[in-house]
Amino acid sequence: MKISYNWLKEYVKCDLNYNEVSTILTDIGLEVEGIEEFQSVKGGLEGLIIGEVKTKAKHPDADKLSVTTVDIGEPELLNIVCGAPNVDAGQKVVVAPVGTTLYDGEETFKIKKAKIRGALSEGMICAEDEIGLGNLHDGIMVLSPDAEVGLEAKKYFNIEHDYIFEIGLTPNRIDGASHFGAARDLASFLNLQKPTKATLPTVEHFKIDNHDLPIQVEVEDSAACPRYSGITLTNIEVKESPDWLKTRLKSIGLNPINNVVDITNYVLHEIGQPLHAFDADKIAGNKVIIKTLKNGTKFTCLDEETRELSNNDLMICNAKEGMCIAGVFGGLTSGVTEKTKNIFLESANFNPVFIRKTSKKHLLFTDAAFRFERGADPNITVYALKRAAMLIKEIAGGQISSDIIDVYPETIHRTRVEVLFHHIERLSGVKIPFETIKKILESLDIEIIGEDNRGIIVLVPTYRVDVKREADVIEEILRIYGYNNIDFSSKINSTINHKQKPDIDKLQNIISDLLSANGFNEIMSNSLTKSKYYENLETYKEENLVKIFNPLSKDLNCMRQTLLYGGLESVAYNINRKNSDLKLYEFGNCYTYNEENKSSNLLNSFTEQKKLELFITGKKYENNWVKENKNSNFFELKAYVLNVLERLGINIENLDYKSCEPDIFEEGVAIHYSNMKLAGLGIVNRKLNQLLDIEQDVFYAEILWDNIVKQIKKYKVEFIPMAKYPSVKRDLALLLDKDVRFEDIKNIAFKAERKLLKKVNLFDVYEGDKIEKDKKSYAVSFILQDEHKTLKDKQIDKIMNNLIKRFENELKAQIR
């Protein structure tokens, strides 16, 4: 949310600069996340001076140029060559002296001293489009004869220089979603130092001019619309807004439309109450009905898009049809245009639940919906009507032509809360003087209606929808009192607790260090994701998603079942920015819902599992003359996964490799240990890549962290001394059928010799014209060792002969 520094100061008088105001707003809960400089004209007309043309002569070498002398209040006149046909002696003009920077969109250029066709030019006489004050370029800008020579142009044109605060508004602080709301908080803080009050513009001069255009209002569902206020104005002139109004809206990022619409937007951002203006001549039957329409009703909105309504969408209708989606978006045919002469102005309060559901359903996230769905003040609707009606009369002319219509069947009263003094002290840790508490509450419009030595009873204003309990009132006191004013205790409390083993955080840090040392970058993706990713998947079924009741958007409507899509989004983001060689990893929790596990305890249906996921894609190394530039591949990823497992103490010699999920992996394997899946890795299915427009192969590994921790818990760290007796290595060259795997050789070897065989390693593979086509040659090494004595040749030969026989019998192997 954007708040203008200059606009803010209209409601609270203070001499603080924008940095001081920013600091205070952050301290009292309206966090300023950024500050932007704003100028009503780009460049702020810096360096431009009001001047007077003293003489004009024809350029000796150019028919369309004139040589002028210009007085800008300096001792010396400036010689300026001008090409404008309307330049003449005696004119007051805008001059850009040498060194001035002018703006043309995003481009800039600096005025330099130059010779134009032999004549010296020491500046430039400006047209309005050259300095951002208009679009005309027929000639120079000629000012009023009483313009003061030497005056800075920014002062003459009253150029506004402002600072815009970007407020990170929390969902509960909708009362701060306006300039007056921010001013009210600022004044409350300043009031602790000296009397300060935020003041709303007065509406005491509001008056009804006639009763020429009465409109009947009927609210069919008062639960959906607790209050509806309206008024009519006639004989208005819809036109461009005055400069001050356009500047205010532009400063907070809004585009001016016309004077009536701009006033409704102005009041919205001034006091936080959304308004809507209807063309009164298009209200059939001179009747406004607030109701829902039949399921499937078509309605065309302001953006010319036709939407299908549900019977839960609250509508503002006339006697024949819908005119506006209540509190969310206007209709195409009922709005204000340049031809509009009479308007009906609406100021209402709508049920937040209705507005939120409609906004999310139709993906219409408007400023009005933003405020209504968080809870607007029901008791400000009439003030907002009067404020807007008076501004419309002032700017667009016309008359107020009806009484204020106010349908308010059940008055919404202030919330009554009892606050005990010892609870304030207990929660804050300090004893705040009662006079300070009283001053803070009064400045926040929280009325004290009773007090004794135990505490106070207060009435909370209706615009504070988040303040309902004693703790909420105490939070308000502390917010304005200042958390920085609460001293930290010098006392340190500690407890002795049992440290779980294995230490999960330590394990995660160990693996993070390992991966980072191997060139990986850690990423952190949102645990909220889009359900569309899980359509037509078998591994992660859509029915197992944990859905969000009131999602911020369709892109964040469920909890993730896997870290895969967050990683792919990061990969796509980097590739789109020319960073295509990536090694990424992420630790994160994943969530599933299984209705079959539903019981009396609802939580049994939900599962939370921690995972570690790796992504590699692109080239293995940066281009250099030492290493050949190769693409990343499956075996590189497998090596990283095995390194992780081995670092955690998993015996990788005893891993089982099985087929993996085809909807996730184009090709890959699943790694199991002791009948428990530890990881899956391979090439990401190209259909999944296409969801994010990734064209290159992505190699992905999903490591089930919780399963690994379960395995680690079984292990005990023991010291094993280095063997006293040497190991022996023997090699065999085996001619095998092509379908024989190294895993088969390894399993047979360990079955044949369980005691002395320590390791089996494949160190060479040959397939070529020197052996049969359906054959391959494996060179395999065998490490033998007896921990109690030195092995003798006779014993070694016996073991190797036994292995050869087993290979010949079970694999039809031939010894080469």
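Setting aside neighbours within four places in sequence, Ile437 is in contact (heavy atoms within 4.5 Å) with Ile424, Ile432, Ile456 and Ile477. The model is predicted, so local features need pLDDT of at least 70 and side-chain atom pairs count only at pLDDT 80 or more, while totals for chains, interfaces and linings use all residues. Residues are numbered from 1 along each chain as its sequence is written, and side-chain values use heavy atoms, with hydrogens and water left out.

Ile437 sits in helix H11 (residues 434-443); helices here are DSSP runs of H or I with at least four residues, strands are E runs of at least two, and both are numbered from the N terminus. Ile437 counts as buried because its relative accessibility is 2%, the scale being buried under 20% relative accessible area, exposed over 50% and partly exposed in between, with a 1.4 Å probe and protein chains only. Between the C-alpha atoms of Ile437 and Glu476, 39 residues apart along the chain, the separation is 9.9 Å.

As for the nonpolar cores (buried Ala, Val, Leu, Ile, Met, Phe, Trp, Tyr and Cys residues joined through side-chain atoms within 4.5 Å), the largest has 80 residues, and Val267 is one of those with the most contacts inside it. Helix H9 (residues 381-396) gives the most to this core, 9 residues. Val267 itself touches Ala384, Arg387, Ala388 and Leu391, among others, not counting residues up to four places away in sequence.
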